[in-house]
Amino acid sequence: MTDEKIVLTGIKPTGTPHIGNYIGALRPLIDMSQNHKTFMFIADLHALNSIHDAKEIKQHTYEIAALMITMGLNLENTILFRQSDINEIYQLTEFLMNVTPKGLMNRAHSYKAMIEKNTETGVDIDSGVNMGLYTYPVLMAADILLYNSDIVPVGKDQKQHVEFARDIAGYFNNIYGETFKLPEPIIGEDCGLIPGLDGRKMSKSYDNTIPLLCPSNELKKKVMRIITDSKTPEESKNPDESTIFQMYSHFASADEIAALRKRFLDGGMGYGEAKTILFEKIDSVLSEPRKRYEYLMTNPSEIDAILNQGAERARVVAARTLTKVKKKMLG
Ligand code: TRP
């Protein structure tokens, strides 16, 4: 059974998905796909403003698609596709440009952050800003409006973009009459800190990530590199300040978490042993999906087949919306 509402979200292929991405963003989307009709696409066009290497975008597109497929995305409820495969997206973006005030784009957080940085460093304020970055929210509004989305699950950093999509839909409806539904952003529950190897938030920009579906020996190496304090094995340890424990709690059951918490507090367990427990847990949870993931990554034509099938289904809806918009704007 699915809820009637249409859920839509895009995932930008700008890096190899790591544990932080999975726990914070991808797993909640997989959960949501179990009982919602979902449009989910790899936002390769959005990656273009920062990545100018086709191979890299293609590789990350496959990685994300393969991860979602092998980690349990419900493919009956979900239309999974590549953003760039739908020609209607380019056309709707161009149409929406004409009802989008330039001032709205000036207020976008990501653009403003660039401008502020440029001002601080004394270079031209628009240095490094391409039009892909500047008009990023229009493309995103087109994504959302093309498929009649009701609900758009996003991270906090993307909330403003969904609000812009609502604004743009409103401007359009005011001029041309009721056409677009007004989408609602939903911001996922805070999953708590997902620490990286050095204890700071796991993030590509800190270079402290663990790729989710990397080979077992690489996973082990990374886990062993987690930075800890220098308590001896005998000493009692605070689980809530431990990267090892926090990471464990995202993969283990409630009973297992309670048991490890006790061992931290009781003392008598060194960090080396705790890391082994963490590694074995993650490794066992991921061992089955990893096999399928590795298979798909060496047979990308199977990923393409799924994405192409998704694109076919998405195109039906996209074509309908575009026809309507074109007629309203151009007669
Ligand atoms: N901009 C989003 C991000 O950087 C990705 C994205 C593109 C998206 N189009 C979307 C998210 C439409 C939700 C809806 O994460």
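Residues are numbered from 1 along each chain as its sequence is written, and side-chain values use heavy atoms, with hydrogens and water left out. In this predicted model, local features need pLDDT of at least 70 and side-chain atom pairs count only at pLDDT 80 or more, while totals for chains, interfaces and linings use all residues.

**View 1. Helix α1 and its bend at L26.** Helices here are DSSP runs of H or I with at least four residues, numbered from the N terminus. Helix α1 covers residues 19-32, and its end C-alpha atoms are 18 Å apart. That agrees with the 20 Å that its 14 residues should span at 1.5 Å a residue (the expected span is 1.5 Å times one less than the number of residues). At L26 the helix bends by about 40°, and the proline P28 follows within four residues; the bend is the angle between axes fitted to the seven residues ending there and the seven starting there. L26 is also one of the buried residues of α1, as are Y22 and I30 (buried means under 20% relative accessible area, exposed over 50% and partly exposed in between, with a 1.4 Å probe and protein chains only).

**View 2. The two sides of helix α4.** In α4, residues 87-97, the buried residues are E88, I89, L92, T93, F95 and L96. They sit on the same side of α4 because they cover an arc of only 165° around the axis, taken from the directions from the helix axis to the C-beta atoms. Look to the other side of α4 for N87 and E94, which are exposed.

**View 3. The second largest pocket.** A pocket is an open set of points on a 1 Å grid over the protein atoms alone, with protein on both sides within 12 Å along at least five of seven lines; lining residues have an atom within 4 Å of a point. This one holds about 190 Å³ of space, the volume being that filled by probe spheres set on the points, which are joined across faces, edges and corners. Among its lining residues are H46, I89, Y90, T93 and Y136. Helix α4 gives the largest share of the lining, three residues.

**View 4. K112 in helix α6.** Find K112 within α6, residues 109-121. K112 is partly exposed, with a relative accessible area of 37%. Its C-alpha atom is separated by 13 Å from that of Y136, 24 residues apart along the chain.

Key: 1 Å grid on protein atoms, 1.4 Å probe; cavity = no way out; pocket = protein on both sides within 12 Å on 5 of 7 lines; lining within 4 Å.
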